[in-house]
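Biologist: Can you walk me through this one? Keep it short, please.
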Amino acid sequence: MPKSNETICPWVNHEQVYIDYHNEEWGRPVYDALELFEKLCLDGQQAGLSWITILKKKQGYRDAFCNFDPYKIIELSPEYLDGQLDNSQIIRNKLKINSIVRNAQAYVKFIEQGEDFSQFLWQFVGGKPKVNQFKTMDEVPTQTEQSVAMSKALKKLGFNFVGPTICYAFMQAVGMVNDHLVGCDYYEGNVGSQ
């Protein structure tokens with residue numbers, strides 16, 4: 001539960017894992033390329049589900065997918081991947097399982113061309129976090145011009161499960177946009193960390 005004198009974004013339920021995620025991770029700028037890759041893959045797994053479902057399975061995904069090391073993921077055998085359909089620690093969906101491999105392949109190809117994945121992603125917000133000033137959840141968009149552009153660019157590189165809504169959720173999570181509501185105790189902290 002939030003501390004009694006603490007005000008946090010209303011999308012957070014009362015489960016401690018969700019509160020900790022909001023307070024310690026969500027909206028804080030992430031620049032590490034592999035961390036961004038992991039988060040992008042996990043956001044894709046969320047499609048059609050609630051984020052807390054994926055959050056609770058994050059360690060299961062790390063265990064199943066080599067701690068999101070793209071170079072190791074692309075070496076996983078078809079038999080191993082088929083076996084993940086019985087893994088209750090992840091979402092047992094063949095398309096979603098295969099999307100992690102496909103995204104790893106796209107990532108490796110991109111890096112081997114001498115590109116910087118972090119720089120590539122952050123270009124969609126001009127290289128620094130965009131600070132929004134939303135007062136209510138109704139004001140927060142599900143996608144923006146930037147998330148549409150990111151989605152198109154990622155798809156062109158071969159990534160999947162990266163639609164504009166997934167990309168916006170990703171941008172929020174990794175601090176490319178600060179969408180903590182202005183009344184949230186963590187809004188100013190994220191503004192100050194930029």
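Biologist: Which helices do the buried residues of α9 pack against?
Modeller: They pack against α2 (33–45), α8 (117–122) and α10 (164–173). Some ground rules: this is a predicted model, where local features need pLDDT of at least 70, side-chain atom pairs count only at pLDDT 80 or more, and totals for chains, interfaces and linings use all residues. Residues are numbered from 1 along each chain as its sequence is written, and side-chain values use heavy atoms, with hydrogens and water left out.
Biologist: Which residues of α9 are buried?
Modeller: S147, M150, S151, A153 and L154. Buried means under 20% relative accessible area, exposed means over 50%, and partly exposed is in between (1.4 Å probe, protein chains only).
Biologist: How are helices numbered here?
Modeller: From the N terminus, as DSSP runs (H or I, at least four residues).
Biologist: How many residues does α9 have?
Modeller: Helix α9 covers residues 145–157, which is 13 residues. From first C-alpha to last, α9 reaches 19 Å, close to the 18 Å expected at 1.5 Å a residue. That expected span is 1.5 Å times one less than the number of residues.
Biologist: What comes just after α9?
Modeller: G158, with a positive phi of about 110°.
Biologist: Which residues have a positive phi although they are not glycine?
Modeller: C66, at about 50°, and F68, at about 60°. Most residues other than glycine have a negative phi. C66 is in the loop between α4 (58–64) and α5 (70–73), and F68 is in the loop between α4 and α5 too.
Biologist: Is F68 buried or exposed?
Modeller: F68 has 1% relative accessibility, so it counts as buried. C66 has 23%, so it counts as partly exposed.
Biologist: New topic. At what angle do α2 and α7 pack?
Modeller: At about 150°, with their axes 10 Å apart. Axes are lines fitted to C-alpha atoms, for helices over the stretch in contact, and angles run from 0 to 180 degrees between N-to-C directions. So α2 and α7 are roughly antiparallel (angles over 145 degrees count as that).
Biologist: Which residues of α2 meet α7?
Modeller: A33, L34, F37, C41, G44 and Q45 in α2. They meet K96, S99, I100, N103, A104 and Y107 in α7.
Biologist: And T165, where does it lie?
Modeller: In helix α10. T165 is in contact with T142 and Q143, leaving aside neighbours within four places in sequence. Contact means heavy atoms within 4.5 Å.

Definitions and conventions: Helix = DSSP H or I, 4+ residues; strand = E, 2+ residues; numbered from the N terminus. Parallel < 35°, antiparallel > 145°, perpendicular 65-115°, else oblique.
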